[in-house]
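The entries follow the order in which I went through them.

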Amino acid sequence: MPRNTDLIAPLTALGFKPVAQLAPRTARQIKSSPWSIGCETIDRDYVDFSQTGPHLEELGAKQARLQGGWAKCDPVGDGNFNWQWLDDIIDGCLRQGVKPWVELSYGNPAVEGGGGIGLAEGIPVSDTALQAWDRWAKALVQRYGDRVDSWEIWNEPDNKGSVAASAYTQFFIRSATIIRQVQPHANIIGLGLASHQEFATQFLRELHEQGKTDLLNEVTYHFYPHNPDDSFERVAALGELLKQYAPHVTLRQGETGAPSQTRQFMAMGNFEWSERKQAAWNTRRMLAHHARGIPMNLFQLADMYYDKKKGLFEGHNPKGLLAINPDKKVSHRKPSYFAAQHVFTLFDDHVPLRPLSRLETKTEVRSEAY
């Protein structure tokens, strides 16, 4: 297995002496851990899993987040489902010792009122579309329920104000009820919150008022601060909301990660980046979550090439641990791949996931130590 050793020379020049090198463990060698790797956007062909999937096992994350892709499964909107592409991904993950969790999204333009195919393009709203959605959601859980037991309902419904909080609440209840009917023990994940605290407040309050909090097991959030130690005050506020409205529900960081190139595109695209800075940011972000006892999904395994024919956005999103050429073939593993590999190897479930005590400091700092 190739290894990243580019820090050894400069550290040696500073007088440090290398005494050993960590031997990373594969996903198959790690029994369990709180780490997930993002394998999103394959539903819109922004990534080719046949090219990137073979790098999963050596990475060492024990879970992978996928998007179920209603439009890709039901391209005509008639319920004649195409599952082959999703079979390949789910079974491909499992063969490598990685357990997938699946997000139910996005909309389906082939159905009137079915919403758009990508981020911030709306949920299905017409009776026809909602019935078609119900058919797909039920069939999805029936098909993969023997291999998948965690289901997330939509991605960032608060993004760009594309969905009202009340509408999302009713859509969540509708979808979660279908999942529970098919798979009573399902772990159901809600929100996938982009940033809007008031959206989360209204969702949890209305869910509580309607007596439906039993449908919710986890809440995910997708915060992308420039400083990887930041945004945890918002996480704490989410935790307080859960104590108030749904004390049994836990938090998970559902999506976060840095780009490796400076591009005016998507989250954190307006800052200066390099492959080295990406590795440092991702490592710090992972450890900041681990110190607080929060499981995390790192976004993501591979660079993505967005296509405006399949969503609102177009361009290269270089947040992957794998550098991808425009033809979607893997160019190389970035330093961030090796950094994540080492975190996943060291901090598995042998290191308990529980909040640690923050070390005191006599100065004002923007970093933290545990």
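**Entry 1, helix H5.** I note at the start that this is a predicted model. I began with H5, residues 84-95, whose 12 residues reach 16 Å from the first C-alpha to the last, close to the 16 Å expected at 1.5 Å a residue. I then looked up which residues of H5 are buried, and found Trp 85, Leu 86, Asp 87, Ile 89, Ile 90, Gly 92 and Cys 93. For their cover I listed elements including the helices H2 (49-52), H3 (56-59), H4 (70-73) and H6 (127-144), together with the strands E2 (63-67) and E3 (99-104). After the helix I checked Gly 97, which follows H5 and has a positive phi near 85 degrees.

The residues that make the contact are Leu 86, Asp 87 and Ile 90 on the H5 side, and Leu 140, Arg 143 and Tyr 144 on the H6 side. Sorted by class, I have four nonpolar and two charged residues in this contact, and no polar ones. The crossing of H5 and H6 is right-handed.

I turned to H8, residues 197-209, and asked myself how the distance between its end C-alpha atoms agrees with what its 13 residues should span. At 1.5 Å a residue the span should be 18 Å, and the end C-alpha atoms are 18 Å apart, so the two agree. The buried residues I noted in H8 are Phe 199, Ala 200, Thr 201, Phe 203, Leu 204, Glu 206 and Leu 207, and these pack against helix H7 (165-182), strand E5 (187-193) and H9. Gly 211 follows H8, and its phi is positive, near 65 degrees.

For H7 and H8 I read a packing angle of about 50 degrees and axes 9 Å apart, which makes H7 oblique to H8. I list Ala 165, Ser 166, Tyr 168, Thr 169, Phe 172 and Ile 173 of H7 as meeting Phe 199, Gln 202, Phe 203, Glu 206 and Leu 207 of H8. By class this contact has seven nonpolar, three polar and one charged residues.

For H8 and H9 (residues 232-245), the axes come within 10 Å and cross at roughly 10 degrees, and the two helices are therefore roughly parallel to each other. I recorded Gln 197, Ala 200, Thr 201, Leu 204, Arg 205 and His 208 from H8, and Arg 234, Ala 237, Leu 238, Leu 241, Leu 242 and Tyr 245 from H9. They divide into seven nonpolar, three polar and two charged residues.

Last, I looked up His 226, in the loop between strand E6 (218-221) and H9.

Notes
Residues numbered from 1 in each chain as written. Predicted model: local features only at pLDDT ≥ 70, side-chain atom pairs only at ≥ 80, totals over all residues. Heavy atoms only, no water. Axes fitted to C-alpha atoms, helices over the stretch in contact; angles between N-to-C directions. Helix = DSSP H or I, 4+ residues; strand = E, 2+ residues; numbered from the N terminus. Parallel < 35°, antiparallel > 145°, perpendicular 65-115°, else oblique. Contact = heavy atoms within 4.5 Å. Nonpolar A, V, L, I, M, F, W, Y, C, P; charged D, E, K, R; others polar. Expected span 1.5 Å × (residues − 1). Buried < 20%, exposed > 50% of the residue type's maximum accessible area, 1.4 Å probe, protein only. Left-handed = near helix turned anticlockwise from the far one by under 90°.
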